[in-house]
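Hi,

Here is the structure I said I would pass on.

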Amino acid sequence: MTEKPGSEPIADVPKSVSRRNFIKGVITSGVAVSSASYLFRASTFVQGQQLAGERLITLNVNGQQRRVDVMKQETLATTLRYKLGLTGTKLGCDRAECGSCTVLIDDIPYYSCSVLTHTVRGRKVMTIEGLASADGTLHPVQQGVIDEQGFQCAFCMSGFIMTAVGYLKTNPTPTRQQLAQGVSGCLCRCQDYDKILTALMRGAENMRRSNLG
Ligand code: FES
Ligand code: FES
């Protein structure tokens with residue numbers, strides 16, 4: 001702890017927490033960034049839900065069958081974050097404008113804030129937590145972000161990565177301009193677009209290499 005005369009003690013930041021490790025933590029679990037306002041909204045939402053009554057359904061998320069209670073009007077972003085604890089999916093605008101909530105549904109990127117959870121029964125949902133291999137090897141696009149250190153606060157990172165992974169399935173050899181178009185549904189409030197694009201292009205290159213290897 002650090003303490004200045006006449007002030008409250010301040011917790012020291014561990015010196016072992018490097019920017020690289022911070023970025024890696026966000027990439028794999030998303031736990032380093034949270035939104036207090038949404039946490040508040042979630043608690044009120046859950047209270048209302050209990051009053052309205054719940055329904056138990058099974059979802060295929062990151063290759064696992066997950067039983068979860070959802071309301072008819074509940075969005076997939078809410079279910080993932082507040083029912084299943086998958087907080088790597090971020091909520092920015094909550095109205096299909098920023099892309100930070102993007103997940104793959106049957107390999108296609110969707111804004112999860114604008115998809116009703118009931119509509120994805122029987123479909124495969126992939127979040128940022130499901131991208132790495134079981135042995136912990138990062139997805140090539142995640143590795144590209146690590147290699148290039150392509151984000152600032154990284155709030156938008158999981159949305160960009162999921163969108164890029166979905167886009168690269170349709171075009172594995174994009175030009176920089178094509179990839180920019182492919183991820184244009186994502187916004188970065190730090191306006192770090194040039195570095196983000198460089199990182200995603202590195203990710204595309206990593207994917208091609210891993211497919212060859
Ligand atoms: S939170 Fe879904 S698009 Fe912004
Ligand atoms: S890096 Fe901060 S929002 Fe994109």
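Before the rings, one definition: two rings of Phe, Tyr or Trp (for Trp, its six-membered ring) count as a pair if their centres lie within 6.5 Å, and planes over 60 degrees apart make the pair edge-to-face. Keep in mind that this is a predicted model.

With that cut-off, searching the whole structure turns up two aromatic pairs. One of them is F160 with Y193, an edge-to-face pair at 6.4 Å centre to centre and 65° between the planes. F160 belongs to helix α5 and Y193 to helix α7 (residues 193-212), so this pair ties together parts that are 33 residues apart in sequence. F160 is buried, at 2% relative accessibility, while Y193 is partly exposed at 35%. Together with F151, F160 and Y193 make up one aromatic cluster.

Another ring to look at is that of F155: the charged end of R189 sits over it, 4.5 Å from its centre.

Now to α5 itself. This helix covers residues 157-170, and its 14 residues reach 20 Å from first C-alpha to last, close to the 20 Å expected. Twelve of those 14 residues are buried, so α5 is largely enclosed by the rest of the structure. Among the buried ones are M157, I161, V165 and L168.

Elsewhere, strands β1 (residues 55-61) and β2 (residues 64-70) run antiparallel and are joined by seven bridges. I57 stands opposite V68 in β2. The two strands form a hairpin with two residues between them, and N62 in the turn has a positive phi of about 50°.

Cheers

How values were computed
Residues are numbered from 1 along each chain as its sequence is written. Chains are lettered from A and ligands numbered from 1 in the order in which they are written. This is a predicted model: local features need pLDDT of at least 70, side-chain atom pairs count only at pLDDT 80 or more; totals for chains, interfaces and linings use all residues. Side-chain values use heavy atoms; hydrogens and water are left out. Two strands pair if DSSP finds at least two bridges between them. Helices (H or I, at least four residues) and strands (E, at least two) are DSSP runs, numbered from the N terminus. The expected span of a helix is 1.5 Å times one less than its number of residues. Buried means under 20% relative accessible area, exposed over 50%, partly exposed in between (1.4 Å probe, protein chains only). Rings of Phe, Tyr and Trp (its six-membered ring) pair if their centres lie within 6.5 Å; planes under 30 degrees apart count as stacked, over 60 as edge-to-face and the rest as tilted. A charge sits over a ring if NZ of Lys or CZ of Arg is within 6 Å of the ring centre and within 35 degrees of the ring normal.
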